[in-house]
Structure formats: structure tokens, C-alpha cells
Amino acid sequence: MDFPMVERADVVIIGGGIAGISLAGRLAPHRDVVVIEMENHLGTHATGRSAAVYIEAYGSRAIRLLSTRSRAFFEAPPAGFSAVPLVHPRGSLVFAGSDDRDRLRKEYALAERITTVQWLDQDALLTCCPVLRPEAAAAGFLEPGARDIDTDALLQGFARMARQCGTRILTGVPVSEIRHAGDWLVIAGEWEIRADVLVNAAGAWAEEVAHRAGLPGRGLQPMRRTAATLPLPPDLARATADLPVATAVDESFYFKPEAGDMLVSLSEETPLRPCDAYPEDLDIATALERFHEATTVPRARPKASWAGLRTFAADRNPVVGYESTAPGFFWCAGQGGYGLQTAPALSALAASLLLQESLDSSGVALARALSPERFGIVNSLGDRCSAL
Ligand SMILES: Cc1cc2nc3c(=O)[nH]c(=O)nc-3n(C[C@H](O)[C@H](O)[C@H](O)COP(=O)(O)OP(=O)(O)OC[C@H]3O[C@@H](n4cnc5c(N)ncnc54)[C@H](O)[C@@H]3O)c2cc1C
């Protein structure tokens, strides 16, 4: 008979994407932590399939606040966090044809309240992004402070931070059973792990993990998003390398230069059950059609394509905090399309909530906006949640 390998920890985190690993990094100096990841490598799912951009004027108010609070970490991470810079200049451009000018103005007014943006009339827009066709691009606005994120450096930096303080990261072990009797017992492959606190950082599988623990979900919905890379002729690759990420204001597609190719995404949100998402041919074809209608980039067969699941709560804010109906069950899920650009601030906030540290006033407002109890239940801060 084989005996299970038994571990005891203060905190067990289910999920080795950016949510689980960044929280492990933050908690490791304070608590004994074990992370469990079902895949053989960290970041196999959403974390490894992103467009890797940091755009401050993007998402709900809570997301924008978390992104702004993350900027300092991206630009000056703690000593020893990463041997390479975490971010590189990119810029983010939102553009519209003449039919969509009103919508563009509204988005611009919103963006202006968050960060530095520049309005571009058609001449300035075509100078900023010369591959756009004039008939598709009447005006736009630029967020010059947007960045490319080195997502691998970010993930590995947090993993190193965690391991240096003794965190054990177990890979290739799917959690199959969760029991609660005083503490939490998590069974994963050959492992049996007991912990006082269980963190649900399972991305698209977060609802399943809650159900496995006998708890209600929070209506988190995984949504597929597809991307493909197009090879560019060498001259064009050089000429476009520094273009900003360019998004149609109706969010029908976006594109950005990516290591000598052009990454194109349909920006779609197709609800799916949690799974290893694959791209649909029709979605790739539609994305490329829209891209070629709006730009002068020559047609070519895509070099690579992929899809990933972005997981959202109904109000599109993450779900972070203790579950009121089960002591020691902590949510860290629903990062949607912003999990990388918000990771530094979100992990710091999540760690403070888990450790029950005091928060500054904007931290308290964020905690309310992200509380698992906000869906109509009085939250752990003793208040009914109001939208941030
Ligand atoms: C095409 C695309 C573009 C994107 N672009 C951006 C962008 O530019 N900027 C940005 O900030 N964000 C972007 N995102 C969103 C970002 O990728 C996600 O918000 C983020 O990666 C979510 O991280 P996570 O750790 O919650 O999820 P995941 O990375 O999916 O991690 C969850 C982990 O839990 C594990 N798991 C699940 N169930 C179990 C179990 N039972 N046992 C053990 N392990 C389990 C999974 O294997 C998985 O590794 C994009 C996403 C996509 C798909």
C-alpha cells in the first residue's frame, strides 16, 4: 500500500497562475505556504496566454485603481525580484472611424480622469500608427504610459520571492478533494495537505474549487479570448516594432507588435466551461479580416494562434476576501482581462486581507468592491457593498 505524502502549512493556495503565485510571494515572509498547481508548469493557462500589456485607462474603477497602484512595483520592483526589467515602453492607442467619434470622445473623457492621454486628430493618428487606413481611423487617443509586461519575469519573480521564504510549490498535482473539519484538508495526487487557510486562486476553475469545498460559487464565468500572430516582412517588422497596442473603440479587435510579428486579437468574450481553451478558426479569420480592413499590413498565414480564458464576476471586479460561510476559505479569483497588470497591487491587498492587517482608506474601498460578500450579502467589514 502507498502512503500519502503529508504536508502541514498555514496556508494552502490552489492555482499556480499569477493570482496564486503573486499572493504566495506576498504571504511567504509571514506564513508557511504551499501552492498546488495541476499542470506541470506554472502559468500554463490564462497567465501564459495574455497580450502582456499594462493599460491604466482600462476596466472598472476598481481595476483602474489597482493598475495605478501597481505601476511603481512594475517600474522599480524590490531588489533581487528580477534580473530584467518587468515593463517596456509600448503606449496604447484607441482609434475610431468617423461613425464612432462620439464613443471615442466618451472613452477619452473617462481615460483623461485616470492618466495622461493625448487626443489625436486624423493626421496625428496616422503619424502615430502609419499602418492604419485613413478610412478606418478618423481620430484616436494615446496613453503614452502604457507598457509591455514581461509576464514570465513577473511570475518567476513572485515564485522566487515565495520559495526564498520556504514556500513549497507543487506542480502536476490536480486537487481532487477538499474537506473542512477544523482546518482544511486538500487531497491532490499523492499529497494530503492540511492548512488553516485555503486560498481559491484557480482562475477559470474557481467555481469548481468552491463547489468541491461544499461552498456556493460567486457566478464567475470563464470567457474565451483568441489571439494570433502574423509574420511581417523584415522591413515592416522593423518599422512597426515600436507602435503602440492599437484597439478599435468598439473593442472589435486589437493589434500590437510582438517580437517581429503582429499579434491580432478578436477581443471576443465567449462564455465557456473551464477547460484548456483552443482557438476557433472562425474567430481567427474574423480577427484577421477586421485587422486587414483597418490596416495596410500585407495578408499572410498566421504563424501561431491560441486562446485563453478570462474569468469575470458579473460586475467585472475580482473576487478577493474571506468566504463568510466557511472559516478560512479565501477567494482570489475573477481577475478577468487584468490579472497581470493588477498583480502587484492585488496581491498586496489580498495578503493584507488574509492576514487581517489594517488598510488605508482606498484599500478599504477596494476591499468592499472586491468582497465575495458584495453580491447582496453584508460583508465582513460590516457594510453592504457599494460600487467603487
Ligand atoms: C488572450 C488574453 C489576453 C490577455 N491580456 C492581458 C493583458 O494584456 N494584461 C493583463 O493584465 N491581463 C491579460 N489577460 C488576463 C490575464 O491573463 C488573467 O487575468 C490572469 O492570467 C489570471 O490569472 P489566474 O492566476 O487567476 O488564472 P490562471 O493563470 O488560469 O491560473 C489558475 C491556475 O489554477 C490551476 N488550477 C485550476 N484548478 C486546479 C485544481 N483543481 N488543482 C490544481 N490547480 C488547479 C490551473 O491549472 C491554472 O494554472 C489576458 C488573457 C487572455 C486569455
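These are my notebook entries on what I looked up in a predicted model of one protein chain.

**Ground rules.** I number residues from 1 along each chain as its sequence is written, and I work with heavy atoms for side-chain values, leaving out hydrogens and water. Since the model is predicted, local features need pLDDT of at least 70 and side-chain atom pairs count only at pLDDT 80 or more, while totals for chains, interfaces and linings use all residues.

**Domains.** I looked up the domain assignment, whose bounds come from an automatic or database source, and it gives domain 1 as 5–50 + 151–220 + 315–374 and domain 2 as 92–144 + 221–310. The C-alpha centres of domain 1 and domain 2 are 32 Å apart. I then asked how many residues of domain 1 are in contact with domain 2. Eleven residues of domain 1 touch twelve residues of domain 2, where contact means heavy atoms within 4.5 Å.

**Aromatic pairs.** I counted rings of Phe, Tyr and Trp (its six-membered ring) as a pair if their centres lie within 6.5 Å, calling planes under 30 degrees apart stacked, over 60 edge-to-face and the rest tilted. The count by this rule is 14 aromatic pairs. For helices (H or I, at least four residues) and strands (E, at least two) I rely on DSSP runs, numbered from the N terminus.

Are Y108 and F141 buried or exposed? Both Y108 and F141 are buried, on a scale where buried means under 20% relative accessible area, exposed over 50%, and partly exposed in between (1.4 Å probe, protein chains only). I next looked at F329 and W331, whose aromatic pair is edge-to-face, with 5.7 Å from centre to centre and 70 degrees between the planes. F329 and W331 are both buried as well. I also found one aromatic cluster made by F95, F253, F255 and F291.

**Charges over rings.** Here I required NZ of Lys or CZ of Arg to be within 6 Å of the ring centre and within 35 degrees of the ring normal. R105 lies over the face of W119, 3.9 Å from the ring centre, and R316 has its charged end over the ring of F312, at 4.0 Å from the centre.

**Cysteines.** A disulfide is a covalent bond between the sulfur atoms of two cysteines, and I looked for such pairs with the sulfur atoms within 2.5 Å. The structure holds zero disulfides. C129 is buried, because its relative accessibility is 0%, and C275 is partly exposed, because its relative accessible area is 30%.

**D235.** I placed D235 in helix α7 (residues 234–240), and I noted D235 as exposed because its relative accessible area is 58%. The side chains of D235 and R238 are joined by a polar contact of 2.8 Å, a term I use for a pair of N or O atoms within 3.5 Å; within protein, one must be able to donate a hydrogen and the other to accept it, and residues adjacent in sequence count only if both atoms are side-chain atoms. I also looked up D235 and E251, which are 16 residues apart along the chain and have their C-alpha atoms separated by 29 Å.

**S371 and E373.** S371 lies in the segment after α10 (361–370), and E373 is found in the segment after α10 too. S371 is buried, with a relative accessible area of 6%, and E373 is buried at 1%. The side chain of S371 reaches the backbone nitrogen of E373 at 3.0 Å, while a polar atom in the side chain of E373 lies 2.9 Å from the backbone nitrogen of S324.

**Positive phi.** Most residues other than glycine have a negative phi, so I wrote down the following cases. A52, in the loop between β2 (33–37) and β3 (53–54), has a positive phi near 60 degrees, and A52 is buried, with a relative accessible area of 15%. Q356, in the loop between α9 (343–354) and α10, has a positive phi near 55 degrees, and Q356 counts as exposed at 65% relative accessibility.
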